[in-house]
Amino acid sequence: HDHGGGGTGPGTQAPWNVRGTLDIHGIVRKRTWTFLAKSSLAGSNVLHTTEDVDFAAGERLIVTTADRHMWGVEEVTVASLPDPRTVVLTAPLERDHVSETYTG
């Protein structure tokens with residue numbers, strides 16, 4: 001159990017004494033989050049994911065940014081899923097969302 005000792009995993013950015021419990025209610029999903037399989041640039045209304053998703057038309061999603069600036073985060077609405085790894089949005093993205101893989 002990490003207590004904010006400088007680890008790199010989820011939850012390591014908050015001090016141990018300000019963490020809590022998140023209790024989420026709703027339907028069981030295939031994935032609640034995933035990575036982009038390829039970049040989705042401003043003006044595009046399609047997201048390609050690395051895992052299967054089961055989002056429904058009308059649901060709202062948050063597309064985050066890879067950096068620490070919140071200006072890159074967008075709330076989008078699902079129009080359709082032509083296949084389990086392609087999400088069509090009701091409106092085009094306002095910002096670039098870059099997907100990159102680094103190998104070391």
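This is a predicted model: local features need pLDDT of at least 70, side-chain atom pairs count only at pLDDT 80 or more; totals for chains, interfaces and linings use all residues.
User: Is Phe35 buried or exposed?

Analyst: The relative accessible area of Phe35 is 53%. The limit for this class is over 50%, so Phe35 is exposed.

User: How are the rings of Trp33 and Phe35 arranged?

Analyst: The structure holds 1 aromatic pair. Rings of Phe, Tyr and Trp (its six-membered ring) pair if their centres lie within 6.5 Å; planes under 30 degrees apart count as stacked, over 60 as edge-to-face and the rest as tilted. The centres of Trp33 and Phe35 are 5.2 Å apart and the planes stand at 85°, so the arrangement is edge-to-face.

User: Which residue lies over the face of Trp33?

Analyst: A charge sits over a ring if NZ of Lys or CZ of Arg is within 6 Å of the ring centre and within 35 degrees of the ring normal. At 5.1 Å from the ring centre of Trp33, the residue is Arg31.

User: What is the strand order of the open sheet?

Analyst: Strands are DSSP runs (E, at least two residues), numbered from the N terminus, and two of them pair if DSSP finds at least two bridges between them. The sheet has 4 strands with antiparallel pairing. Its edges, S1 (46-48) and S2 (60-63), each pair on one side only. The order is S1-S4-S3-S2.

User: Which residue of S4 stands opposite His48?

Analyst: S1 and S4 (residues 86-89) are antiparallel over 3 bridges. Within S4, Val87 is the bridge partner of Leu47. The residue opposite His48 is Thr86.

User: Which residue of S4 stands opposite Val78?

Analyst: S3 and S4 pair in the antiparallel sense over 3 bridges, and a hairpin of 2 residues joins these strands. Ser80 stands opposite Val88. Opposite Val78 is Leu89.

User: Are the residues on the two faces of S4 buried or exposed?

Analyst: In a regular strand the side chains alternate between the two faces of the sheet. Thr86 and Val88 lie on one side of S4, and Val87 and Leu89 on the other. These residues are all buried.

User: How far apart are the side chains of His97 and Glu74 in their polar contact?

Analyst: His97, in the segment after S4, is buried at a relative accessible area of 3%. A polar contact is a pair of N or O atoms within 3.5 Å; within protein, one must be able to donate a hydrogen and the other to accept it, and residues adjacent in sequence count only if both atoms are side-chain atoms. The backbone oxygen of Thr64 is 3.1 Å from a polar atom of the His97 side chain. For the side chains of His97 and Glu74, the distance is 2.7 Å.

Technical notes:
Residues are numbered from 1 along each chain as its sequence is written. Side-chain values use heavy atoms; hydrogens and water are left out. Buried means under 20% relative accessible area, exposed over 50%, partly exposed in between (1.4 Å probe, protein chains only).
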